[in-house]
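Here is a short report on one protein chain. Look at the sequence and the model first, then read on.

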Amino acid sequence: MLDDTDRRILRQLQSTPEGRAAEIAERAGVTPATYGRRIERLRAAGILRGVRGVIDWQALGYAVEVSLRVTLDKTQPRAFDAFIEAARAVPEVLEIQTFLGQVDARLSVIARDMAHYQQLYRDRLLTLPHIADIEALMHVARVKANETLPL
């Protein structure tokens, strides 16, 4: 589906998403008009979902990151949907992943400090519906965090 020109454009867009269209087009070896047409086609095809700002939440005072592995009580109808809907409503939940297997979901949660996390855990996370088991994993270090695809 992608040709070499699309790959060059996407590589340049990944390396400098904040760059101006004309600069990205030049580095990709295409005209700005070609760049614009290709970007619109990639968006329409659902390949390019958007360009976003990445905020360093630690710089904003969130010092704690925890992964929660959650097993749900699946004997209840709509347990999965109700859990996901409620988890989405917690602002400190940055990511929700679902799995096949013993663990049903993983939540990435941030907090300002341990006191904030403990309050969040007691008041918002443990009250999420249909939890059968929950395990908290405290993040120590992020060894690799690369969303750049090898195009």
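## Ser108 and its surroundings

Ser108 touches Glu65, Val66, Ser67, Glu92, Val93, Leu94 and Glu95, leaving aside residues up to four places away in sequence. Contact here means heavy atoms within 4.5 Å. The model is predicted: local features need pLDDT of at least 70, side-chain atom pairs count only at pLDDT 80 or more, and totals for chains, interfaces and linings use all residues. Residues are numbered from 1 along each chain as its sequence is written, and side-chain values use heavy atoms, without hydrogens and water.

Is Ser108 buried or exposed? Ser108 is buried, with a relative accessible area of 6%. Buried means under 20% relative accessible area, exposed over 50%, and partly exposed in between (1.4 Å probe, protein chains only). The side chains of Ser108 and Arg106 are joined by a polar contact of 2.8 Å. Such a contact is a pair of N or O atoms within 3.5 Å; within protein, one must be able to donate a hydrogen and the other to accept it, and residues adjacent in sequence count only if both atoms are side-chain atoms.

## The sheet

Ser108 sits in strand E3. Strands (E, at least two residues) and helices (H or I, at least four) are DSSP runs, numbered from the N terminus. Ser108 is the bridge partner, in E3, of Glu95. E2 and E3 run antiparallel and are joined by 5 bridges. Two strands pair if DSSP finds at least two bridges between them.

The open sheet has 4 strands, in the order E2-E3-E1-E4, with antiparallel pairing. Strand E2 (93-98) and strand E4 (131-138) each have a single partner strand, so one side of each has no neighbour in the sheet. On average, neighbouring strands are turned by 20 degrees against each other, direction ignored.

## Helices across the sheet

H4 lies across E1, E2, E3 and E4, at about 160 degrees to E2. H5 also lies across E1, E2, E3 and E4, at about 20 degrees to E1. Axes are lines fitted to C-alpha atoms, for helices over the stretch in contact; angles run from 0 to 180 degrees between N-to-C directions.

## The nonpolar core

The largest nonpolar core has 19 residues; Leu68, Phe83, Leu107 and Leu125 touch the most other members. A nonpolar core is a set of buried Ala, Val, Leu, Ile, Met, Phe, Trp, Tyr and Cys residues joined through side-chain atoms within 4.5 Å. Strand E1 (64-72), helix H4 (79-88), strand E3 (105-111) and helix H5 (114-125) each give two or more residues to this core. E1 supplies the largest share, 5 residues.
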